[in-house]
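Here is a short report on a two-chain model. Please keep the sequence and coordinates open while reading.

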Amino acid sequence: MSEKLTRFFASRWGIILTGAVIGILAPLLQHWGNPANMGICVACFERDIAGALGLHRAAVVQYIRPEIPGFVLGATIAALLFREFKARTGSAPIVRFVLGVFAMIGALAFLGCPWRALLRLSAGDLNAVVGLIGLAAGIYIGVQFLKGGYNLGRSRKTHTAIGWIMPVMMIGLLLLLVFQVKVSETGALFFSESGPGSQHAFWLVSLAVGLIIGFLAQRTRFCTMGSIRDVLLMGDTHLISGLGALVVVAVIMNLVLGQFRTPAFFGQPVAHSQSLWNFLGMALAGLAFALAGGCPGRQLFLSGEGDGDSAVFVLGMITGAGLAHNFALAGAPDSVVDGVQKVGGIGPYGMAAVLLGLVVCVLIGVTMREKVEV
Amino acid sequence: MAQTVDARGLSCPQPVILARNAIKAGVFPIEVLVETVTSRENVKRAAERLGCTVQVDEMGEEFNLTLTK
């Protein structure tokens, strides 16, 4: 039975099912309270968690998003049930940390991870098209490195307890949320009173959705970066059929729920229309994901099944979110001031950080080639 | 003489890349060693797409895939 289910989940219908379920649940989360076009955004939600912990002080994006622990723990449950939980680590963790930091800086320049890019696209935000082209461009560069022998080396089996660190940390986050810990008037935790951080579905609903998606994605290896990489690397359309299902179903859901807007660039929810930096931000994120071997969602699912290297990538992303807001690197949404349309985007520090990130990622790709014994 | 590809501990997509390189080299049978079910499914799918027949043997916590053409 278990082997039969594994076969189904590994099939094209399995990945299509997962994409479709995400396409249903993410727009519903928006309907139930999550920010517009942000039913699920791994980068944004990790950024909100960083804010709640006080790792940055951008007052509008602070909340412990239960979807993130849900993703990790859903994957843990699936991995345990199907006996795939395997503690492993040791494949260049510091590089994975750096890749995580820059992946987040790139994603926040665009204002969203690949998941949110798909959801923005499904609601009529044309900047998402620019972002997704950038993402594909970054992944294309990563594929060239992979073809050239780029490899971060082998991970090793390790103590089971090491594999549990990430799931336990996620339970800790949930406890902080449930007990609404506040150490002092001006101390952590921080919860937004306005802005995107203040908009959220009831926490149990968010957690349940996270668990369902985490479970399915662990079984089917759903990965936004991998979808594009597999097409570019070997013309394999298996994973990308999941992305297709996600977008088609999310468009229908957005139409049904009245969340679809007339397609346009300017003034989309929590988005900016500074196209060059939407492109370059996502190119940086795509390259970093490709070099790390998974999109931000996939890294969470892997960390849930005992992969310590993915866990380090996730911690890198959370750190990157702190840096991005403390150093004013993140994009600002478009706005209308006194009736005048003002295009948002990133400032000089953000531009410098995105370019620095691209240089660092290229250096990683060029210098870290390992000749693997065949 | 069988070719052996040891892809244990390598993260996605390395096992698939190594298996594809071995298939392109054209010496069969090819034995691919992997550690995770993910790698097992990925290598199997990629090899079958390239016209190989894949036999999977489970050895403890590892998998031994034999690719023939």
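The sections below cover the basis of the model, chain B, its sheet, a helix pair in chain A and the interface.

## Basis

This is a predicted model: local features need pLDDT of at least 70, side-chain atom pairs count only at pLDDT 80 or more, and totals for chains, interfaces and linings use all residues. Residues are numbered from 1 along each chain as its sequence is written, while chains are lettered from A and ligands numbered from 1 in the order in which they are written.

## Chain B: overall build

Chain B holds 2 helices and 4 strands. Their order from the N terminus is β-α-β-α-β-β. Helices (H or I, at least four residues) and strands (E, at least two) are DSSP runs, numbered from the N terminus.

The C-alpha trace of chain B spans about 25 × 20 × 15 Å along its principal axes. Of the 69 residues in chain B, 46% are buried. Buried means 20 or more other C-beta atoms within 10 Å of the residue's own, with C-beta atoms placed from the backbone. Among contacts in chain B between residues at least 6 apart in sequence, 62% join residues at least 24 apart. A contact requires C-beta atoms, placed from the backbone, within 7 Å.

## Chain B: pairing around S4

Strand S4(B) covers residues 62-68. S2(B), residues 30-34, runs antiparallel to S4(B) and is joined to it by 5 bridges. Here B:Val34 has B:Phe63 as its bridge partner. S3(B), residues 53-59, is also antiparallel to S4(B), with 7 bridges. B:Thr53 is bridged to B:Thr68. Strands pair if DSSP finds at least two bridges between them.

S3(B) and S4(B) form a hairpin with 2 residues between them. In the turn, B:Gly60 has a positive phi of about 65 degrees. Which residues of S4(B) form its covered face? They are B:Phe63, B:Leu65 and B:Leu67. The uncovered face has B:Glu62, B:Asn64, B:Thr66 and B:Thr68. In a regular strand the side chains alternate between the two faces of the sheet.

## Chain A: H10 and H11

The axes of H10(A) (residues 224-234) and H11(A) (residues 240-256) come within 8 Å and cross at roughly 125 degrees. Axes are lines fitted to C-alpha atoms over the stretch in contact, and angles run from 0 to 180 degrees between N-to-C directions. A:Thr224, A:Ser227, A:Ile228 and A:Val231 of H10(A) meet A:Ile240, A:Gly242 and A:Leu243 of H11(A).

H10(A) is largely enclosed by the rest of the structure, because 8 of its 11 residues are buried. Among them are A:Met225, A:Arg229 and A:Asp230. The buried residues pack against H6, H7, H11, H12 and H13 of chain A. Just after H10(A), A:Gly235 takes a positive phi of about 65 degrees.

## Interface

In the interface, 20 residues of chain B are in contact with 22 residues of chain A. S1 (3-6), H1 (14-25) and H2 (37-49) of chain B each give two or more residues to its side. H2(B) gives the most, with 6 residues.

Definitions and conventions. Contact = placed C-beta atoms within 7 Å. Buried ≥ 20, exposed ≤ 12 C-beta atoms within 10 Å, placed from the backbone.
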